[in-house]
Amino acid sequence: MQKNKYRIHSNALFEIAQSRTFTDKDNIEERFDEEGKIKLVSDRAGADLTLSLVKTEDGLAYLVKWDDSEEIYRGWNMAWEEFVWCLGVVNKPIEEAAKKAAEEEAARRAEEAALALAAEEAAALEEVVEEATEESEVTTEEVTEEATVEVVSEDLEK
């Protein structure tokens, strides 16, 4: 499950903004800061991207602010689309870095698995060589023993 790339500062206000216009019943006046803004959403990447509700001469509007750029929208949909687009731009390098890190991790694990398999194969081969060497030594000892018995037997016969 992928975590949201943005942080909602007020669920209630966020839901109202998505579904309808604000009214006096919503009692939002005390939520505005000294600049006349209510921050609704911000990015999690730390790129200073925000979507806020602002007071303007014409009433309430939405402000999408990113670094030194500001755009004011009358409607939620356009403001949200702009915020999401900016969010995609902000998160693209982060996503690419995460993808690259995942690929590097997968390559590292594959290399470790290959090394482990090679080590297992080398150990198995070493075991086979050891068994063959032991068998060879037993056979050599038996042949030497038989040859010694034959030589001794021949000597006795002479």
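This is a predicted model: local features need pLDDT of at least 70, side-chain atom pairs count only at pLDDT 80 or more; totals for chains, interfaces and linings use all residues.

Residues are numbered from 1 along each chain as its sequence is written, and side-chain values use heavy atoms, with hydrogens and water left out.

**The sheet**

Helices (H or I, at least four residues) and strands (E, at least two) are DSSP runs, numbered from the N terminus. An open sheet is formed by 5 strands in the order 1-2-3-4-5, with antiparallel pairing, where two strands pair if DSSP finds at least two bridges between them. Strand 1 (6-8) and strand 5 are at the edges and have a single partner strand each, so one side of each lacks a neighbour in the sheet. On average, and with direction ignored, neighbouring strands of this sheet are turned by 25° against each other. Helix 1 packs on the sheet, where it touches strand 1, strand 2 and strand 4, and its direction makes about 90° with that of strand 2; axes here are lines fitted to C-alpha atoms, for helices over the stretch in contact (heavy atoms within 4.5 Å), and angles run from 0 to 180 degrees between N-to-C directions. Strand 3 and strand 4 run antiparallel and are joined by 8 bridges, and Leu51 has Val64 in strand 4 as its bridge partner.

**The core**

A nonpolar core is a set of buried Ala, Val, Leu, Ile, Met, Phe, Trp, Tyr and Cys residues joined through side-chain atoms within 4.5 Å. The largest one has 24 residues, of which Leu40, Leu51 and Tyr62 touch the most other members. Two or more residues come from each of helix 1 (11-19), strand 2 (37-43), strand 3 (49-56), strand 4 and helix 2, and helix 2 gives the largest share, 7 residues.

**Two single residues**

Buried means under 20% relative accessible area, exposed over 50%, and partly exposed in between (1.4 Å probe, protein chains only).

| Residue | Relative accessible area | Class |
|---|---|---|
| Asn91 | 6% | buried |
| Asp67 | 47% | partly exposed |

Asn91 is found in helix 2 (residues 76-157) and, apart from its neighbours within four places in sequence, is in contact with Lys5 and Ala45. Between Asn91 and Asp43 there are 48 residues of separation in sequence and 9.0 Å in space, C-alpha to C-alpha. Asp67 lies in the loop between strand 4 (59-66) and strand 5 (69-73), and has a positive phi of about 50° although it is not a glycine.
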